[in-house]
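Subject: Structure handover

Hello,

Here is the structure we spoke about, passed on for your use. My notes on it follow below.

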Amino acid sequence: MHISNPVKLAAALVLPLLLAACFFIPGKFASSMEVTKDGKFSFAYKGEIVAISGDKPTGGSTDKTDETFEASCVTEDDAPRDCTATEVAEQRKEWDAGAAVRAKAKADEARDKGEAMVAMMGFNPNDPKTIEAFTAKLLKQKGWRSVVQKGDGVFEVDYAISGTLDRDFVFPLIPDVALSPPMVVARVRNDNSVSIEAPGFGNKDIDGRSMMGAGAPGGLGAGAQGKTDGSFTLTTNGEILTNNTDNGPSADAAKPGWRSMKWAVNPQSKKAPEALIRFGR
């Protein structure tokens, strides 16, 4: 593989270790979708979107270069022993002499991680300029009414869009970021029906870690993990063929012929919302 761009090279080398997991998950939110029997739809999401990475939080590294000086001495059998005053002084001198090298290595690591974050997630949480560019890019896309960065990878958003289900619909689509699984997907079928799934609203374990619960990785977005709290409501006047709600569809007294399905979304939610609706056209 030949990569001429040094930023891409850094991302290619750093990311397999840095971002073993990287997702956009819901925080506190409310989301709804309406599907009409003639194939029209409207979708809304209002609340928090949290960027989650598998990197360790700042200051959590166990790398010796991030620690204070500590002399270390062993016996001929490699057993730990107390250092003499002379040995402590010699090791301290070597430690101090390497300060510039350690500082440069730390700065290079921070730069590479920042570039990797931008390449994979669209922004570097430690660089306000990249966050501004990320939010500005979202606001250029149809549907994104408001995007406000709250810190620690948390964004407060207001998204709403409507159209015709003559093609698949996915939310969210993050420009230039093809990493995170979607929260909601509507797949249009050839038999005049649409399959609606919300994998991002279910608490399915990824690599043995609960992305919404306390077992999530401890990097970007760690402060918001375990705080997912919202709901997804699907309303239609089409024919509901299947759904996995606990109580089934309920009639809408204000809209005769319409029925609603509602799912709670929180760290205890295991199943992702699913429904199959047939159009009446």
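With which side chain does the side chain of E87 make a polar contact? The partner is the side chain of R81, at 2.6 Å. Please keep in mind throughout that this is a predicted model.

E87 and its surroundings

E87 belongs to helix 2, which covers residues 85-97. Besides the contact with R81, a polar atom of the E87 side chain lies 2.9 Å from the backbone nitrogen of T84. Leaving aside residues up to four places away in sequence, E87 touches C73, R81 and D82.

The disulfide

Searching the whole structure turns up 1 disulfide. C73 and C83 form it, with their sulfur atoms 2.0 Å apart. The pair links distant parts of the chain, the two cysteines being 10 residues apart. C73 sits in strand 3 (residues 73-74), while C83 is in the loop between strand 4 (80-81) and helix 2. The S-S torsion is about 115°, so the disulfide is right-handed. As for accessibility, C73 counts as buried because its relative accessibility is 9%, under the 20% limit. C83, with a relative accessible area of 22%, is partly exposed.

The chain as a whole

The protein chain has 281 residues, and 41% of them count as buried. Its secondary structure comes to 4 helices and 16 strands. Taking contacts between residues at least 6 apart in sequence, 62% join residues at least 24 apart.

Nonpolar cores

The largest nonpolar core has 39 residues. Within this core, M33, V35, F43, Y45 and F171 touch the most other members. Strand 2 (residues 40-53) supplies the largest share of the core, with 5 residues. Another core, of 5 residues, lies apart from the largest one, and its members include F23, I25, V50 and I52.

An open sheet is formed by 5 strands in the order 7-8-9-16-13, with antiparallel pairing. Which strands stand at its edges? They are strand 7 (169-171) and strand 13 (239-243); each has a single partner strand, so one side of each is left without a neighbour in the sheet. On average, neighbouring strands of this sheet are turned by 15° against each other, direction ignored.

- Strand 7 pairs with strand 8 (residues 184-188) in the antiparallel sense over 3 bridges. Here V170 stands opposite V185 of strand 8.
- Strand 8 is joined to strand 9 by 4 bridges, and the two run antiparallel. R187 has S195 in strand 9 as its bridge partner.
- Strand 9 (residues 193-197) is joined to strand 16 (residues 274-278) by 5 bridges, again antiparallel. I196 stands opposite A275 of strand 16.

Strands 8 and 9 also form a hairpin, with 4 residues between them. In the turn, N192 has a positive phi of about 65°.

T245 lies in the loop between strand 13 and strand 14 (250-251). Is T245 buried or exposed? T245 counts as buried, because its relative accessibility of 12% is under the 20% limit. The side chain of T245 makes a polar contact of 2.5 Å with the side chain of N243. A polar atom of the T245 side chain also lies 3.0 Å from the backbone nitrogen of G248. Not counting residues up to four places away in sequence, T245 touches M261, K262, W263 and K271.

P128

P128 is placed in helix 4, residues 128-139. P128 counts as exposed because its relative accessibility is 54%, over the 50% limit. In sequence, P128 and Q149 are 21 residues apart; in space, their C-alpha atoms are 9.7 Å apart.

Regards

Methods: Residues numbered from 1 in each chain as written. Predicted model: local features only at pLDDT ≥ 70, side-chain atom pairs only at ≥ 80, totals over all residues. Heavy atoms only, no water. Core = buried A, V, L, I, M, F, W, Y, C linked by side-chain atoms within 4.5 Å. Buried < 20%, exposed > 50% of the residue type's maximum accessible area, 1.4 Å probe, protein only. Polar contact = N/O pair within 3.5 Å; in protein donor to acceptor, adjacent residues only side chain to side chain. Contact = heavy atoms within 4.5 Å. Pairing = 2+ DSSP bridges. Axes fitted to C-alpha atoms, helices over the stretch in contact; angles between N-to-C directions. Disulfide = S-S within 2.5 Å.
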